[in-house]
Structure formats: C-alpha cells, structure tokens
Amino acid sequence: MAQIRLDKFLSECGVGTRSEVKNFIRKGLVTVDGFPVKKPEEKVDTDTSDVMFQNTRITYEKYVYFLLHKPSGVVSASSDRNCITVTDLLKKEGRTDLFPVGRLDKDTEGLLLLTNDGELCHNLLSPKKHVKKTYFAQVEGIVTQQMIREFREGIDIGDEKKTLPAQLKILSAGEISQIELTICEGRFHQVKRMFESCGMRVSYLKRIAMGGLTLPDSLEKGSYRRLTPQEILLLKMDCERMEGNDVSGY
Ligand code: URA
C-alpha cells in the first residue's frame, strides 16, 4: 500500500509526461473512486484507489522491467553530471525509480535490464546465484584452443580468487579474433581483464545474453522494450536454478 500523488501515478502508468497528466487532471479527465479530481497533488493509493482516465481504468504496476540495448558512450548509472545515462534513455516512461541491473562499461554495448525491483536485481547480481552472462567480443590477436582450457580452469586476474570456470567459444581466430564468452560472475571489467591476463586487448564488447534472456536482433541500439511476464518468470527461475550451481560442468 503506497500513497502517491495522482500526477505521479498517471505518469508512471504511461498516461503522459508529468506536465501532460497535470493538464489532463485540471481538465477533469481523471476520476478517483468515481469522483473527478482536479488537483494533481491529490494523494491516491497505488493498490486500492480506482483511477480512471477518460473512462479507462488505470492499473498501477508496482514493479516494471525493461530490456535495453545499451549503446556505447552511455553510462550504466541512474544519474551522471557529464554523461548520458541508461535511465535517461527510458525517460519517457515517466518512472523515476528505475535502476540498471549491474553495470556495463561505458564502451560496452548490449543487453542491460532496468527495473525498480530491488529483490530481483539483488538476486541476479548475487555472486551466490551464478547467473550466466554471455558476451560477444572482438579481441586483438589470435585466441587459441589453450585459452579455452585456461578459461575453463579459471584465470588469475589479480583478485584474491581466480575467476570461476568460464566457457570460451572461438568464432574466428586471426589478427582480430571473434569470440563468445559465458561467465557466471560480474567482477569489475571481468571480460577485459580475463583477456588482459593472456596479454590480449578486447577492442569491442557486447553482452548478448543474461540468464535465459537474449538480446533480440530486432532491438536497435538505444531502444528498449518491456519484458514479457514469461521473461520475468524466466529470470526469477534463473536465480532459483543457479543457487549453489556447480559451474565446473562447462
Ligand atoms: N566485462 C567487462 O570487461 N566489461 C563489461 O562491460 C562487462 C563485462
């Protein structure tokens, strides 16, 4: 049960921007529990108030989930003084409570979830849950079969512990190699540091999957869409399934 302003309620439900919904309210287009309310600051209850806009019932969603195709140059934060953030890209949703599920580096592209569901976010990021993340990368130099074995064994990237077993797939090997790497941790700059420890530089990095979700080909850079109820369930199941998972089976 939460009491919030009527204009915030409506803008978070996607009825319009905050200033648009204020106008709608002042024009008498909104009723609460059957009565017109003309004050945007009037408090409503997100669970029990019956809010109608132009005779359509508006149901408040407590938790929302978005899948963003993060472009390079955008920072994974809720606010930043100097740079565009991932939450800026979802501004028109009118939700002020969104945060990214973990971070991608500024120059990394690809799948990033944004939500206001702190529990799911915590579970997806928990080191105990071992949720898999798959990256496509271009690496300067020849990635070898030996590296596949080393990545599977765990790599010393200068932390207290070696990395957990990771699955390296070579798509092409040459001056610039193309690979896919699946890891089940989220250490700082992990993919770049794993290759650095082999003396190689990652020149391009894109996350293509997280848990059971993959980045849809149709989703352009900078675009996003809501997760479907099935996808939300899938992510929740990923967290259950991964708890105590033995990742050495790669
Ligand atoms: N690993 C990295 O090095 N960078 C990212 O953005 C994500 C994983």
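Me: How far does a backbone N or O atom of histidine 189 lie from an oxygen atom of the ligand?

Reply: A polar contact is a pair of N or O atoms within 3.5 Å. Here, the backbone atom of histidine 189 lies 3.2 Å from a ligand oxygen. A backbone N or O atom of valine 191 is 3.1 Å from a nitrogen atom of the ligand, and a polar side-chain atom of aspartate 105 is 2.7 Å from a ligand nitrogen. The model is predicted, with local features needing pLDDT of at least 70 and side-chain atom pairs pLDDT 80 or more, whereas totals for chains, interfaces and linings use all residues. Residues are numbered from 1 along each chain as its sequence is written, and side-chain values use heavy atoms, without hydrogens and water.

Me: Which residues are around the ligand?

Reply: A residue counts as near if one of its heavy atoms lies within 4 Å of the molecule. Leu104, Asp105, Thr108, Tyr135, His189, Gln190, Val191, Lys192 and Leu205 form this shell.

Me: From which domains does the shell draw at least three residues each?

Reply: Domain bounds come from an automatic or database domain assignment. The shell takes at least three residues from each of domain 2 (65-127 + 214-242) and domain 3 (133-210).

Note on methods
Polar contact = N/O pair within 3.5 Å; in protein donor to acceptor, adjacent residues only side chain to side chain.
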